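Hi everyone, thanks for making time this morning.

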Amino acid sequence: MSQATFGSLGPRRLALDSVQEVNHNTKLLRFKLPNAGDHSGLALTSSVLTLSWPQGGFLPTVRPYTPVSHSDEQGHLDLLVKRYPQGKGSGYLHSLTPGQTLTFMAAIRGYAWKPNQYPHITMIAGGAGITPMYQLIQGILKNPEDKTKITLVFGNNSDEDILLKKELDAFARQYPSRFDVHYTVSNPAEGSPHRKGHVTKEFLQETIGDAHGRNTKIFLCGPPAMEAALAKSGGFSSKQGSVLEQLGYTKDMVYKF
C-alpha cells in the first residue's frame with residue numbers, strides 16, 4: 001500500500017539512489033523512499049529539514065531543502081542542491097554517493113497555497129531560489145482544478161546557472177496561456193538569447209507591470225542582496241521604497257520563501 005513518507009512525525013533515513021551533475025556547482029540527488037509505491041506526501045511549498053555530520057565537524061549541520069519532485073511521484077524524492085564555497089550542508093550532500101544515507105528530520109510547511117485564490121501570480125527567483133517556485137509551478141499546472149496563471153521572472157549569473165531551464169521551457173510550451181517565463185542573466189555568454197542584467201525595476205515594469213487594480217501575489221526567493229533590493233529585509237523601506245513598493249506592491253502582497 002502506498003504511504004506518505006512525510007505524513008508522520010519523526011526523522012527518517014533515506015538512501016541516495018542516483019546523482020546527476022547539473023552544472024559546475026549543482027547536483028540532482030535522488031533519494032529512495034521506503035517502498036517503491038510510496039510518495040512524499042508533502043504539501044505544496046514544503047521543504048524538508050536535513051541533518052548531516054560533515055567530516056571533522058564537532059556539531060551536526062541542519063539545512064532545509066525544497067524537493068523538486070512532485071509530491072505524487074512514487075518511490076523517490078529529488079533534491080536540487082547548489083554547492084556553496086563554505087557551505088557545510090551543501091558540501092556534505094555533494095560528497096554523498098549512491099547507497100549512502102541522509103537523515104531527514106521533518107517536513108516544513110511553507111505558504112498555504114489555495115487553488116484559484118488569485119487569477120494570476122508572479123514569481124521572482126534568483127539562482128537556487130527557483131526550487132520552491134518550481135515546486136509550486138508544478139503543483140498549480142498539474143492540478144486540473146487550479147486555473148491560476150503564472151509569470152516567472154528568473155535572474156542568474158550566467159547561462160549555465162539557469163537551473164531547471166529545460167523543464168520550465170517545457171511548461172511554457174505545454175501551458176502557453178497559463179505560464180510565462182522571463183530570463184535575465186548578469187554575465188551572458190556570447191550570442192546568448194537572454195536579456196543581460198539583474199532583476200531591476202525597469203525589467204519588472206516590462207514583464208509584470210505595476211500593482212494598480214490587481215488581485216495578485218508575488219513570491220520571492222533569491223540571494224539576500226536581490227531580496228533586499230526588491231522587497232527589503234524585514235519589510236519595505238520608509239524612504240525611497242523597495243523596487244516592488246515603487247511599483248505599487250504592498251508588503252502583504254509579497255511572500256518571501
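Let's begin with R195, which sits in strand β10, residues 195-196. A word on naming: helices (H or I, at least four residues) and strands (E, at least two) are DSSP runs, numbered from the N terminus. Please keep in mind that this is a predicted model, where local features need pLDDT of at least 70, side-chain atom pairs count only at pLDDT 80 or more, and totals for chains, interfaces and linings use all residues. Residues are numbered from 1 along each chain as its sequence is written, and side-chain values use heavy atoms, with hydrogens and water left out.

Back to R195: is this arginine buried, exposed or partly exposed? At 28% relative accessibility, R195 is partly exposed. The scale here is relative accessible area with a 1.4 Å probe and protein chains only: buried is under 20%, exposed is over 50%, and partly exposed is in between. Leaving aside neighbours within four places in sequence, R195 is in contact with Y183, T184, V185, T200 and F203, where contact means heavy atoms within 4.5 Å. For a sense of distance, D146 is 49 residues from R195 along the chain, and their C-alpha atoms are separated by 31 Å.

Next, the annotated site. The unreviewed UniProt entry has a "binding site" annotation covering R63, P64, Y65, L80, K82, K88, S90 and T131. Its positions are given in the numbering used here, feature names are shortened, and annotations may be inferred rather than shown by experiment. From this set, R63, P64, Y65, L80, K82, S90 and T131 belong to the lining of the largest pocket.

L80 lies in strand β5, residues 76-82, and is buried at 10% relative accessible area. Beyond four places in sequence, its contacts include T131, L163 and L164. S90, in helix α1 (residues 88-95), is buried too, at 4%. Its contacts, again leaving aside neighbours within four places, are Y65, V81, K82, R83 and Y84.

Now, L164 came up as a contact of L80. L164 lies in the loop between β8 and α3 and counts as buried at 13%. It has a positive phi of about 60° although it is not a glycine. T45 is another non-glycine with a positive phi, of about 70°. You'll find T45 in the loop between β2 (26-32) and β3 (47-52), buried at 6%.

On to the cores. A nonpolar core is a set of buried Ala, Val, Leu, Ile, Met, Phe, Trp, Tyr and Cys residues joined through side-chain atoms within 4.5 Å. How many residues does the largest one have? It has 30, and M123, I130, I137, L152, L168 and F179 have the most contacts inside it. The largest share, 7 residues, comes from α2. A second, separate core of 18 residues includes F203, L204, L247 and M253.

Last stop, helix α5, residues 224-231. Its buried residues are M226, E227, L230 and A231. As a reminder, an α-helix has 3.6 residues a turn, so residues three or four places apart point the same way. The face turned away from the buried side of α5 carries the exposed residues P224 and A225. Just after α5, K232 takes a positive phi of about 65°.

Technical notes. On a 1 Å grid over the protein atoms alone, a cavity is a set of points where a 1.4 Å probe fits but cannot get out, and a pocket is an open set with protein on both sides within 12 Å along at least five of seven lines; lining residues have an atom within 4 Å of a point.
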